[in-house]
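The sequence and the structure are shown first.

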Amino acid sequence: MEFLRPATWAEALAAKADLPEAAPIQGGTDMMVELNFDVHRPAALLDLNRVAELTRWTAEADGRLRIGAGVPYARLIAELGDRLPGLAQAARTVGSPQIRNRGTVGGNLGAASPAGDSHPALLAGDAVIEVESAARGVRMIPADEFYLGVKRNTLLPDELIRAFWMSPASGPQYFSKVGTRNAMVIAVCSFAIALHPGERRVGAAIGSAAPTPRRARAAEEFLAAELDWDAPLEPAVLRRFGELATEAASPIDDVRGTAGYRRHAIGVMARRTLTWAWNDLRAGRTERRAG
Amino acid sequence: MNARITLRVDGRDRPVALDTRTTLLDALRDRLSVTSPKKGCDHGQCGACTVLLDGRRVVSCLILAVACDGSEVVTAQGLVEEGEPHPVQRAFLEEDGFQCGFCTPGQICSAVGMLQEVKAGHPSQVTDDLTGPVTLDDEEIRERLSGNLCRCGAYVNIVAALREETAPSEETSPRAETSPSEEAES
């Protein structure tokens, strides 16, 4: 197995163009499991750990944050938890503390597992993925268009994930997931919500309950039309939001849970997270502990 | 395919030539005879192979050794200074924080890394106040050590050891700083 160690982003793109079958590796927390158990034997590994710019994040002129694909979850939590609370909550549930010191959103995006914890928060928060190839330069892909199928994304063979872009939260955000414990379990299903009070709009997305992570579009549109932003939450609105979130799911039965359970849990999490976020909004808070 | 790298392990430079597929754990145990980190599951679930890599706790089974060229690796063995156990090691001894001992070096490294994270103000999944210093109660200790399994079930005494170790915590530190203007936006 060839092992490529580019020192710069330009070298990394050149290496990926020369050898498109090379599998990129950063934290290794997903890829190494497959290598250790010989599930997957890539022709080559493209180690991105020396590419320093991947581990940096910047506040851009347009107000958005550009976060390098190699920033580990632990740093997202510590350095950006105040500006990206929904994503930070999801990050606090990834793997274990040791995994969070290595694992990255870039890795989650590359693997594109429907159960990846960061995806619903990226979708609800309107993240845009920056990918690049030596031949064609940069492509900016809205998270909503990034996931194609189970463990499939829109990356072309010569492309690498450079960063993701997100606006700092403009309102309360929550992430919720169902699992047997917090550490080292794959989500049974998950849900993320982001309130955008300025635009009178709500972002909502489901994880581990369909072939890809996906937005709950009908639920979002319902809230944009029906939510009275100056009043307490109406029980009927809350209930309908839960139903529409459930309808966005197309889950399967597997060892972690049944499709029926997942549908039910998505509805519960949708109602819960909207209630938490609404209470925070009414109280002028942006975040409290999620459950 | 082979590579020559140098790891700084427990304070000593250790040059080694190895197959690029070698994990940090295998490099330490099989090539450098540093057997303090243990191979429990080899897929990041059990935490027995936890070491401190450039100061942060990581599972050494999920890292390729070549990716660590030039890095500082500290194992539980390396936490001993001049024959004196590290305070966390002493606390495990005093509180009987183990039975068979297989998971212990990983638990110790994880605990040392965890205490540094707490000192830096990093919140966990069970932290209520995300802006203030972290109060390391039993719930926090359990959550923060949840990446280390103990099949003997010595958890009660591991928690006690860390409760003991952290009891007089006069040190507090603020979380990552936020400017007032950024706060106003969010």
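## Packing of helix 9 in chain A

The buried residues of helix 9 of chain A pack against strand 12 (189-196), strand 13 (201-207), strand 14 (214-215), helix 8 and helix 10 (259-283) of chain A. The model is a predicted one. Buried in helix 9 of chain A are A:V237, A:L238, A:F241, A:G242, A:L244, A:A245, A:T246 and A:A248. An α-helix has 3.6 residues a turn, so residues three or four places apart point the same way.

## Salt bridges within the chains

Over all chains, the structure holds 29 salt bridges. Side chains of opposite charge can pair when their charged atoms come close. In one of these salt bridges A:D117 pairs with A:K177, with 2.9 Å between the closest N and O atoms. This pair links distant parts of the chain, 60 residues apart: A:D117 is in the loop between helix 6 (105-111) and helix 7 (118-124) of chain A, and A:K177 is in strand 11 (residues 173-178) of chain A. Both A:D117 and A:K177 are buried.

A second salt bridge joins A:D144 to A:R217, their closest N and O atoms being 2.1 Å apart. Since A:D144 lies in the loop between strand 7 (137-142) and strand 8 (147-149) of chain A, and A:R217 in helix 8 (residues 217-226) of chain A, the pair ties together parts that are 73 residues apart in sequence. A:D144 is partly exposed, at a relative accessible area of 30%, and A:R217 is partly exposed at 40%. Both residues belong to a network of salt bridges that also links A:D126, A:E199, A:R201, A:R215 and A:E220.

In chain B, B:R21 and B:D19 form a salt bridge at 2.9 Å, N to O. B:D19 counts as partly exposed, with 22% relative accessibility.

## Interface of chain B and chain A

In this interface, 46 residues of chain B are in contact with 41 residues of chain A. The two chains bury about 3600 Å² between them, 53% of it on carbon and sulfur atoms.

One salt bridge is counted between chain B and chain A. B:E143 forms a salt bridge with A:R100, with the closest N and O atoms 4.0 Å apart. On the side of chain B that touches chain A, the largest share, four residues, comes from strand 4 of chain B. By class, this side has 16 nonpolar, 17 polar and 13 charged residues.

Terms used:
Residues numbered from 1 in each chain as written. Chains lettered and ligands numbered in written order. Predicted model: local features only at pLDDT ≥ 70, side-chain atom pairs only at ≥ 80, totals over all residues. Heavy atoms only, no water. Salt bridge = Lys/Arg side-chain N within 4 Å of Asp/Glu carboxyl O. Helix = DSSP H or I, 4+ residues; strand = E, 2+ residues; numbered from the N terminus. Buried < 20%, exposed > 50% of the residue type's maximum accessible area, 1.4 Å probe, protein only. Contact = heavy atoms within 4.5 Å. Buried area = accessible area lost by both parts, 1.4 Å probe. Nonpolar A, V, L, I, M, F, W, Y, C, P; charged D, E, K, R; others polar.
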